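Here's a quick look at one chain, going from its surface to a spot inside. Have the structure open as you read.

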Amino acid sequence: MSSKDSKPSTSDSIVGQKYDRCLADLILKAGVGFGVGVVASVILFRRRTWPISLSTGFGIGAAYADCDRSFNLARVPGTRIIPASPPPAAPAVGPKSSTHVV
């Protein structure tokens, strides 16, 4: 997308872009986890299936955590949500003094 073609983004397109990034991240991380699991299974664990499942699950979990952070910014480590301060209180109006200076 070039800067000449940029139009104002609607909330639907922003959410759609986030879902697209999450799906691409899920496919990538699950695939890397699967590959690492296959290599570990063949080299270290005599062709067992649990390393493949475990590493694929780690990849899916990492993708889920990243997607959760992109949709909920309060879950980003080190971020603190500061509540809005209440509006200033009006000065207290009490009964007026009975003395009147003329």
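## A leucine in the loop

Is leucine 44 buried or exposed? Bear in mind that this is a predicted model. Leucine 44 sits in the loop between α1 and α2, and its relative accessible area is 61%. That is over the 50% cut-off, so leucine 44 counts as exposed.

## The greasy patch

Leucine 44 also belongs to a nonpolar surface patch of about 830 Å².

## Serine 55, tucked away

Now for a residue on helix α2: serine 55. With a relative accessible area of 13%, serine 55 falls under the 20% cut-off and is therefore buried.

What does its side chain reach? The serine 55 side chain gets to the backbone oxygen of proline 51, at 2.9 Å. Setting aside neighbours within four places in sequence, serine 55 is in contact with Gly33, Phe34, Val36 and Gly37.

## What the record says

The unreviewed UniProt entry annotates residues 26–45 as a "transmembrane region". In the model, that span is 90% helix and 0% strand, and its end C-alpha atoms lie 26 Å apart.

How values were computed: Residues are numbered from 1 along each chain as its sequence is written. This is a predicted model: local features need pLDDT of at least 70, side-chain atom pairs count only at pLDDT 80 or more; totals for chains, interfaces and linings use all residues. Side-chain values use heavy atoms; hydrogens and water are left out. Patches are made of residues with over 30% relative accessible area and no salt bridge: like charges are joined within 9 Å, nonpolar side chains (Val, Leu, Ile, Met, Phe, Trp, Tyr) within 5 Å. Accessible areas come from the Shrake-Rupley method with a 1.4 Å probe; for residues, only the protein chains shown count as cover. A salt bridge is a side-chain nitrogen of Lys or Arg within 4 Å of a carboxyl oxygen of Asp or Glu. Helices (H or I, at least four residues) and strands (E, at least two) are DSSP runs, numbered from the N terminus. Buried means under 20% relative accessible area, exposed over 50%, partly exposed in between (1.4 Å probe, protein chains only). A polar contact is a pair of N or O atoms within 3.5 Å; within protein, one must be able to donate a hydrogen and the other to accept it, and residues adjacent in sequence count only if both atoms are side-chain atoms. Contact means heavy atoms within 4.5 Å. UniProt positions are given in the numbering used here, feature names are shortened, and annotations may be inferred rather than shown by experiment.
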